Amino acid sequence: MGVGNKRTRTKTRNHIRDLDQVKADLLSPKHLAQYKDTKLTEDLPGLGQWYCTECAKWYDTEASLVVHRKGKPHKRRVRQLREEPWTQKEAEAVAGLVTDNEGHERRAEAADAEMEMTT
Ligand SMILES: [Zn+2]
């Protein structure tokens with residue numbers, strides 16, 4: 001039924017604005033306003049009041065936006081935005097080697113397990 005691969009479904013559902021678009025948003029309020037104008041306020045969670053610019057996501061309450069801004073996905077995103085824009089060459093070099101950020105977490109877990117064994 002539909003897309004059988006869970007990973008593909010997850011990635012599709014989570015798709016948000018591209019990093020270069022968000023960078024333009026951060027640099028230019030006008031650019032961001034143009035993007036927001038493409039959405040109907042009534043359709044947005046919390047009537048579009050609680051927006052995380054970095055993640056290009058709306059939240060329905062201030063509390064959930066605050067929680068989001070403290071969270072890992074947001075911090076990961078901010079870090080990505082601080083890095084230099086990717087060139088096509090870099091993207092090609094990385095393609096196939098790195099799937100997603102989950103890889104880092106899995107490696108960190110493995111390192112922790114190793115430490116527990118040695119102590
Ligand atoms: Zn965010």
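**Close-up views of the predicted model**

**View 1. Alanine 56 is found in the loop between strand 1 and strand 2 (57-59).** Strands (E, at least two residues) and helices (H or I, at least four residues) are DSSP runs, numbered from the N terminus. The structure is a predicted model, in which local features need pLDDT of at least 70 and side-chain atom pairs count only at pLDDT 80 or more, while totals for chains, interfaces and linings use all residues. Residues are numbered from 1 along each chain, as its sequence is written. Alanine 56 has a positive phi, near 55°, and is a residue other than glycine. Most residues other than glycine have a negative phi. Alanine 56 is partly exposed because 18 other C-beta atoms lie within 10 Å. A residue is buried with 20 or more other C-beta atoms within 10 Å of its own, exposed with 12 or fewer, and partly exposed in between, the C-beta atoms being placed from the backbone.

**View 2. Leucine 47 lies in the loop between helix 3 (29-37) and strand 1 (50-52).** Leucine 47 is not a glycine, yet its phi is positive, at about 50°. Leucine 47 is classed as exposed because 12 other C-beta atoms lie within 10 Å.

**View 3. Arginine 69 is placed in helix 4 (residues 62-70).** Arginine 69 counts as partly exposed because it has 14 C-beta neighbours inside 10 Å. When neighbours within four places in sequence are left aside, arginine 69 is in contact with Cys52 and His74; contact requires C-beta atoms, placed from the backbone, within 7 Å. Arginine 69 and cysteine 52 are 17 residues apart in sequence, and their C-alpha atoms are 7.8 Å apart in space.

**View 4. Residues 52-74 carry the UniProt annotation "domain: C2H2-type" in an unreviewed entry.** UniProt positions are given in the numbering used here, with feature names shortened, and annotations may be inferred rather than shown by experiment. The C-alpha atoms at the ends of residues 52-74 lie 9 Å apart. This span is 52% helix and 17% strand.

**View 5. The secondary structure of the protein comprises seven helices and two strands.** From the N terminus on, the elements follow the order α-α-α-β-β-α-α-α-α. The protein has 119 residues, of which 6% count as buried. Among contacts in the protein with a separation of 6 or more, 32% are between residues 24 or more positions apart.

Definitions and conventions. Two residues are in contact if their C-beta atoms, placed from the backbone, lie within 7 Å.
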